[in-house]
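Student: Please take one part of this fold and go through it closely. I want partners, angles and contacts.

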Amino acid sequence: MGETLTHRGPLQIRLPAPDDRLDQDAEHGFVLVDGEWQEFRFHDYDRIFSVPGLYEQLFHDILDCRSPDVIAKLLKEELQQDGYAADELRVLDLGAGNGLVGEQLRNIGVGTLVGLDIIASARLAALRDRPSVYDAYHVADVISPPPEIARDLATHRFNTLSCVAALGYADIPPAAFRAAFNLVSDNGWIAFNIKDRFLSDEDTSGFATFIRRLRAEGVLELLASERYQHRRNVNGEPLHYVAIVGTKHADIPEEFVA
């Protein structure tokens, strides 16, 4: 299989031999499940969430993912600087996954927290592993949620959006980010991160132009940003992301993502 190292813990995980041509979106590993080695692509979240503890052991224990801590810390610092109480936040956690980000938001004192993910196994994993983190957790496409979910999202009157480690690849495109952003009230908090490449001139995701336009048009006011090591890749090299906390001043027009 070309792997060079087996990581032992609750699960046995093998990572492939170093490959300079392997992009983050194509990373994969092998996990011993029920006595059989199975290959998992790192972006195959549906399968990863279905194995208890795999996400945490792979991304946090082995690859040292720091993003949930970094986003929560940056948001907390801006709240404190503004004199805003965390328990007044009503947060929509977009791409909530198995609740690691939600857990950190609870740790800083967030009052109301609603998870939203398009993957059903993400919700099952969050309820399995962190049953008390979310006040509600919905599985839906944020662009066109079922009417009953749309009504529930509206009743929460969100004043904060969080979105961590889900932008820039195919997981959450600009149109989905816009739909979630527009569920937040004006002057609300926006906290997210994105791979540094997707904010550069080399961007192919559409986010660099999109975010520049949000700032230029006064839709999003940048309060704080931090470039940091999101995690290591399978070669042990750092993957750098940018964490952003800002204030929403208006809804995003549809033409911004056309």
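Tutor: What follows covers the open sheet and the helix lying across it. The model is predicted: local features need pLDDT of at least 70, side-chain atom pairs need 80 or more, and totals for chains, interfaces and linings use all residues. Numbering starts from 1 along each chain as its sequence is written, and side-chain values use heavy atoms, without hydrogens or water.

Start with the strand order. The open sheet has 7 strands, arranged β7-β6-β5-β8-β9-β11-β10. Their pairing is mixed. Strands here are DSSP E runs of at least two residues, helices are H or I runs of at least four, and both are numbered from the N terminus. Two strands pair if DSSP finds at least two bridges between them.

Now the edges. β7 (136-139) and β10 (220-232) each have a single partner strand, so one side of each lacks a neighbour in the sheet. From one strand to the next, the twist averages 20°. Angles run from 0 to 180 degrees between N-to-C directions, with axes fitted to C-alpha atoms, for helices over the stretch in contact.

Look next at one pair. β9 (residues 189-195) and β11 (residues 238-248) run antiparallel, joined over 7 bridges. Ile-194 faces Val-242 of β11.

Last, the helix. α7 (residues 174-181) lies across β5 (90-94), β8 (160-163), β9, β10 and β11. Contact means heavy atoms within 4.5 Å. Relative to β5, helix α7 runs at about 165°.
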